[in-house]
Amino acid sequence: MGAQKSIHAGKAKIDVNVDFTHKICASMMLPSLRNAGSPLSLVIGSLCIKHPNLFGGSEKLDVSWDKGLYDSNILVAYRRPRPQWVAQQCFVMQHSLSPEIGVHGIPVDNFSRSGSGGVNLSRFSVGLDLNEPASSKWSSTTSVKFENVRLLSDDGRSITRDLDGFPVTCSGNAHDSMVVLKQESQYAKANEHSFSRFTMQIEQGIPVLSKWLIFNRFKFVASKGIKLGPAFLLTRQPDRWFDCRRYGSISSICNRWSR
(Lines give C-alpha, C1' and ligand atoms only; values in the text may rest on other atoms or scores of the structure.)
Protein backbone atom coordinates (compact mmCIF):
# COMPACT_ATOMS: atom_id res chain seq x y z
CA MET A 1 0.00 0.00 0.00
CA GLY A 2 1.73 3.14 -1.18
CA ALA A 3 1.24 6.58 -2.69
CA GLN A 4 3.06 8.57 -5.36
CA LYS A 5 2.56 12.24 -6.20
CA SER A 6 4.30 14.79 -8.43
CA ILE A 7 3.82 18.49 -7.67
CA HIS A 8 4.93 21.44 -9.79
CA ALA A 9 5.79 24.53 -7.74
CA GLY A 10 6.74 27.20 -10.27
CA LYS A 11 9.68 25.75 -12.23
CA ALA A 12 10.51 23.23 -9.51
CA LYS A 13 9.20 19.67 -9.49
CA ILE A 14 8.57 17.73 -6.28
CA ASP A 15 8.18 13.94 -6.34
CA VAL A 16 6.87 12.19 -3.23
CA ASN A 17 6.73 8.42 -2.78
CA VAL A 18 5.58 6.76 0.46
CA ASP A 19 5.12 3.02 0.96
CA PHE A 20 3.28 1.55 3.96
CA THR A 21 3.64 -2.08 2.87
CA HIS A 22 6.60 -2.73 5.14
CA LYS A 23 4.76 -1.39 8.15
CA ILE A 24 2.06 -4.03 7.82
CA CYS A 25 4.43 -6.94 7.11
CA ALA A 26 6.96 -5.96 9.76
CA SER A 27 4.31 -5.63 12.44
CA MET A 28 3.24 -9.21 11.84
CA MET A 29 6.65 -10.84 11.35
CA LEU A 30 9.29 -8.70 13.09
CA PRO A 31 7.92 -7.29 16.34
CA SER A 32 11.35 -6.47 17.78
CA LEU A 33 12.41 -3.88 15.20
CA ARG A 34 14.37 -0.88 16.42
CA ASN A 35 12.47 2.20 17.51
CA ALA A 36 9.23 0.27 17.36
CA GLY A 37 7.53 3.01 19.35
CA SER A 38 8.03 5.64 16.64
CA PRO A 39 5.08 5.92 14.21
CA LEU A 40 7.47 6.60 11.30
CA SER A 41 10.06 3.90 12.06
CA LEU A 42 8.34 1.27 9.88
CA VAL A 43 7.49 3.59 6.97
CA ILE A 44 9.70 3.71 3.87
CA GLY A 45 9.57 6.38 1.22
CA SER A 46 11.38 9.02 -0.81
CA LEU A 47 11.21 12.73 -1.52
CA CYS A 48 12.81 14.38 -4.55
CA ILE A 49 12.93 18.09 -5.40
CA LYS A 50 14.31 19.26 -8.77
CA HIS A 51 14.78 22.86 -9.87
CA PRO A 52 15.98 23.39 -13.48
CA ASN A 53 16.75 27.12 -13.24
CA LEU A 54 17.62 28.06 -9.66
CA PHE A 55 19.16 31.54 -10.19
CA GLY A 56 17.95 32.22 -13.72
CA GLY A 57 21.11 30.94 -15.40
CA SER A 58 20.08 27.30 -15.96
CA GLU A 59 21.62 26.20 -12.65
CA LYS A 60 20.17 22.85 -11.57
CA LEU A 61 19.43 21.86 -7.98
CA ASP A 62 18.50 18.29 -7.00
CA VAL A 63 17.53 17.38 -3.43
CA SER A 64 16.57 13.80 -2.60
CA TRP A 65 15.78 11.92 0.59
CA ASP A 66 15.34 8.15 0.75
CA LYS A 67 14.26 6.33 3.92
CA GLY A 68 14.22 2.59 4.49
CA LEU A 69 13.44 0.51 7.54
CA TYR A 70 17.01 0.71 8.80
CA ASP A 71 18.77 3.25 6.58
CA SER A 72 18.39 6.74 5.17
CA ASN A 73 20.18 8.88 2.60
CA ILE A 74 20.04 12.63 1.91
CA LEU A 75 21.67 14.01 -1.24
CA VAL A 76 22.02 17.63 -2.43
CA ALA A 77 23.52 18.25 -5.89
CA TYR A 78 24.07 21.65 -7.52
CA ARG A 79 25.18 21.93 -11.17
CA ARG A 80 26.25 24.99 -13.09
CA PRO A 81 25.91 25.17 -16.89
CA ARG A 82 29.17 24.69 -18.77
CA PRO A 83 30.08 24.43 -22.47
CA GLN A 84 29.98 20.87 -23.80
CA TRP A 85 33.75 20.77 -24.37
CA VAL A 86 34.50 21.74 -20.72
CA ALA A 87 34.25 19.39 -17.73
CA GLN A 88 30.84 19.64 -16.07
CA GLN A 89 31.02 20.63 -12.39
CA CYS A 90 28.66 19.33 -9.72
CA PHE A 91 28.76 20.31 -6.04
CA VAL A 92 27.54 17.37 -3.93
CA MET A 93 26.63 17.09 -0.25
CA GLN A 94 25.44 13.78 1.17
CA HIS A 95 24.59 12.17 4.50
CA SER A 96 23.76 8.50 4.94
CA LEU A 97 22.90 6.29 7.90
CA SER A 98 22.98 2.49 7.66
CA PRO A 99 23.38 -0.55 9.94
CA GLU A 100 26.96 -1.65 10.62
CA ILE A 101 27.96 -5.23 11.49
CA GLY A 102 31.73 -4.81 11.66
CA VAL A 103 31.89 -4.27 15.44
CA HIS A 104 32.54 -7.27 17.70
CA GLY A 105 30.00 -7.63 20.48
CA ILE A 106 27.46 -5.25 21.99
CA PRO A 107 28.84 -3.07 24.81
CA VAL A 108 25.94 -2.50 27.20
CA ASP A 109 27.10 1.01 28.12
CA ASN A 110 27.40 2.27 24.54
CA PHE A 111 24.63 0.54 22.59
CA SER A 112 20.89 0.83 22.82
CA ARG A 113 19.05 -2.27 23.92
CA SER A 114 17.00 -2.77 20.77
CA GLY A 115 16.78 -6.14 19.09
CA SER A 116 18.93 -4.99 16.16
CA GLY A 117 22.01 -4.31 18.29
CA GLY A 118 21.85 -0.58 17.67
CA VAL A 119 25.05 -0.11 15.61
CA ASN A 120 24.76 2.43 12.80
CA LEU A 121 27.31 3.87 10.39
CA SER A 122 26.89 7.61 9.84
CA ARG A 123 28.71 9.09 6.84
CA PHE A 124 28.77 12.77 5.82
CA SER A 125 30.54 13.92 2.66
CA VAL A 126 30.88 17.16 0.73
CA GLY A 127 32.84 17.75 -2.45
CA LEU A 128 33.04 18.38 -6.17
CA ASP A 129 32.48 16.05 -9.14
CA LEU A 130 34.04 16.83 -12.55
CA ASN A 131 32.51 14.96 -15.49
CA GLU A 132 34.86 15.09 -18.46
CA PRO A 133 33.33 15.48 -21.95
CA ALA A 134 32.52 11.97 -23.15
CA SER A 135 33.93 10.56 -26.37
CA SER A 136 32.00 8.03 -28.46
CA LYS A 137 32.67 5.16 -26.03
CA TRP A 138 34.68 6.55 -23.10
CA SER A 139 33.49 8.60 -20.12
CA SER A 140 35.49 9.86 -17.16
CA THR A 141 34.67 11.40 -13.76
CA THR A 142 37.04 12.95 -11.22
CA SER A 143 35.89 13.85 -7.73
CA VAL A 144 37.42 15.20 -4.55
CA LYS A 145 35.44 14.94 -1.32
CA PHE A 146 35.80 15.43 2.40
CA GLU A 147 34.22 12.60 4.41
CA ASN A 148 33.42 12.26 8.10
CA VAL A 149 32.42 8.83 9.41
CA ARG A 150 31.28 7.74 12.85
CA LEU A 151 29.38 4.99 14.65
CA LEU A 152 26.11 5.87 16.37
CA SER A 153 23.64 4.02 18.54
CA ASP A 154 19.93 4.03 17.70
CA ASP A 155 19.39 7.05 19.92
CA GLY A 156 22.23 9.03 18.30
CA ARG A 157 25.04 8.51 20.84
CA SER A 158 28.60 8.04 19.58
CA ILE A 159 30.15 4.58 19.90
CA THR A 160 33.91 4.61 20.48
CA ARG A 161 34.84 1.07 21.64
CA ASP A 162 33.73 -2.49 21.01
CA LEU A 163 32.97 -5.23 23.55
CA ASP A 164 36.68 -6.00 24.03
CA GLY A 165 37.52 -2.36 24.72
CA PHE A 166 39.28 -1.69 21.42
CA PRO A 167 38.62 1.61 19.58
CA VAL A 168 36.30 1.37 16.60
CA THR A 169 37.89 4.34 14.83
CA CYS A 170 41.37 4.62 13.39
CA SER A 171 41.95 8.05 14.93
CA GLY A 172 40.90 6.94 18.42
CA ASN A 173 38.32 9.74 18.50
CA ALA A 174 34.57 9.49 18.04
CA HIS A 175 34.94 9.87 14.27
CA ASP A 176 37.32 9.39 11.35
CA SER A 177 37.91 12.03 8.68
CA MET A 178 39.48 11.82 5.25
CA VAL A 179 39.86 13.63 1.93
CA VAL A 180 39.28 11.24 -0.95
CA LEU A 181 40.44 11.81 -4.53
CA LYS A 182 38.63 9.48 -6.93
CA GLN A 183 39.07 8.82 -10.66
CA GLU A 184 36.57 6.66 -12.56
CA SER A 185 36.77 5.77 -16.25
CA GLN A 186 34.23 3.72 -18.16
CA TYR A 187 34.19 2.18 -21.63
CA ALA A 188 30.88 1.03 -23.11
CA LYS A 189 30.09 -0.43 -26.52
CA ALA A 190 26.69 -1.80 -27.55
CA ASN A 191 24.77 -2.92 -30.61
CA GLU A 192 21.68 -5.04 -31.32
CA HIS A 193 23.44 -8.35 -30.62
CA SER A 194 25.93 -7.64 -27.80
CA PHE A 195 27.42 -5.13 -25.43
CA SER A 196 30.67 -4.70 -23.50
CA ARG A 197 31.43 -2.49 -20.54
CA PHE A 198 34.62 -1.91 -18.54
CA THR A 199 34.87 0.30 -15.47
CA MET A 200 38.03 1.25 -13.57
CA GLN A 201 38.09 3.20 -10.29
CA ILE A 202 41.08 4.53 -8.38
CA GLU A 203 40.77 6.16 -4.95
CA GLN A 204 43.42 7.90 -2.87
CA GLY A 205 43.02 9.02 0.74
CA ILE A 206 44.93 12.26 1.27
CA PRO A 207 46.29 12.85 4.83
CA VAL A 208 45.60 16.56 5.20
CA LEU A 209 46.02 16.09 8.98
CA SER A 210 48.13 13.48 10.76
CA LYS A 211 45.14 11.46 12.06
CA TRP A 212 43.24 11.47 8.78
CA LEU A 213 43.05 8.18 6.88
CA ILE A 214 45.58 7.23 4.19
CA PHE A 215 44.68 4.53 1.68
CA ASN A 216 44.93 3.51 -1.97
CA ARG A 217 42.21 1.50 -3.65
CA PHE A 218 41.76 0.07 -7.14
CA LYS A 219 38.64 -1.52 -8.61
CA PHE A 220 38.04 -3.06 -12.04
CA VAL A 221 34.68 -4.33 -13.30
CA ALA A 222 34.04 -5.97 -16.68
CA SER A 223 30.76 -7.24 -18.14
CA LYS A 224 29.81 -8.78 -21.48
CA GLY A 225 26.39 -9.54 -22.92
CA ILE A 226 25.50 -11.62 -25.98
CA LYS A 227 22.07 -12.17 -27.53
CA LEU A 228 21.28 -15.85 -28.10
CA GLY A 229 17.97 -16.09 -29.90
CA PRO A 230 15.22 -14.78 -27.60
CA ALA A 231 17.55 -14.94 -24.56
CA PHE A 232 20.41 -12.72 -23.47
CA LEU A 233 23.56 -14.19 -21.89
CA LEU A 234 25.32 -11.92 -19.40
CA THR A 235 28.75 -12.51 -17.86
CA ARG A 236 30.37 -10.28 -15.26
CA GLN A 237 33.68 -10.17 -13.46
CA PRO A 238 32.90 -9.83 -9.72
CA ASP A 239 33.34 -6.42 -8.10
CA ARG A 240 36.29 -6.31 -5.77
CA TRP A 241 38.44 -3.60 -4.24
CA PHE A 242 42.21 -4.07 -4.05
CA ASP A 243 43.43 -2.11 -1.04
CA CYS A 244 46.75 -0.76 0.11
CA ARG A 245 46.01 0.96 3.44
CA ARG A 246 48.12 2.74 6.03
CA TYR A 247 46.50 3.65 9.33
CA GLY A 248 47.70 4.19 12.84
CA SER A 249 45.98 1.56 14.96
CA ILE A 250 43.64 -0.69 12.99
CA SER A 251 40.41 -1.80 14.62
CA SER A 252 37.61 -4.05 13.48
CA ILE A 253 35.78 -1.19 11.79
CA CYS A 254 38.66 0.73 10.17
CA ASN A 255 38.70 -1.38 7.03
CA ARG A 256 35.09 -0.37 6.33
CA TRP A 257 35.47 3.41 6.45
CA SER A 258 36.53 3.95 2.84
CA ARG A 259 34.39 1.38 1.07
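Leaving aside neighbours within four places in sequence, which residues is Asn 148 in contact with? I looked this up first, taking contact as heavy atoms within 4.5 Å. The residues are Ser 122, Arg 123, Phe 124, His 175, Asp 176 and Ser 177.

Notes on the source. I am working on a predicted model, where local features need pLDDT of at least 70, side-chain atom pairs count only at pLDDT 80 or more, and totals for chains, interfaces and linings use all residues. Residues are numbered from 1 along each chain as its sequence is written, and side-chain values use heavy atoms, with hydrogens and water left out.

Entry on Asn 148. I find Asn 148 in strand E8; strands (E, at least two residues) and helices (H or I, at least four) are DSSP runs numbered from the N terminus. Asn 148 has a relative accessible area of 15% and is therefore buried (buried is under 20%, exposed over 50%, partly exposed in between, with a 1.4 Å probe and protein chains only). I then listed polar contacts, meaning N or O atoms within 3.5 Å; within protein, one must be able to donate a hydrogen and the other to accept it, and residues adjacent in sequence count only if both atoms are side-chain atoms. The side chain of Asn 148 makes one of 3.2 Å with that of His 175 and one of 3.3 Å with that of Ser 177.

Entry on the core. I looked up the largest nonpolar core, which has eleven residues, among them Val 149, Leu 151, Met 178 and Val 180. Such a core is a set of buried Ala, Val, Leu, Ile, Met, Phe, Trp, Tyr and Cys residues joined through side-chain atoms within 4.5 Å. Strands E8 (138-152) and E9 (175-190) each supply at least two of its residues.

Entry on rings. I counted six aromatic pairs. Rings of Phe, Tyr and Trp (its six-membered ring) pair if their centres lie within 6.5 Å; planes under 30 degrees apart are stacked, over 60 edge-to-face, the rest tilted. Phe 146 and Trp 212 have ring centres 5.5 Å apart and planes at 50°, so this pair is tilted. Phe 146 lies in E8 and Trp 212 in the loop between E10 (194-206) and E11 (214-228), 66 residues apart. Phe 146 is partly exposed at 26% relative accessibility, whereas Trp 212 is buried at 19%. Ring pairs also link Trp 138, Tyr 187, Phe 198 and Phe 220 into a cluster.

Entry on cysteines. I find zero disulfides (cysteine sulfur atoms within 2.5 Å). Cys 48 is buried at 18% relative accessibility, and Cys 90 is buried at 5%.
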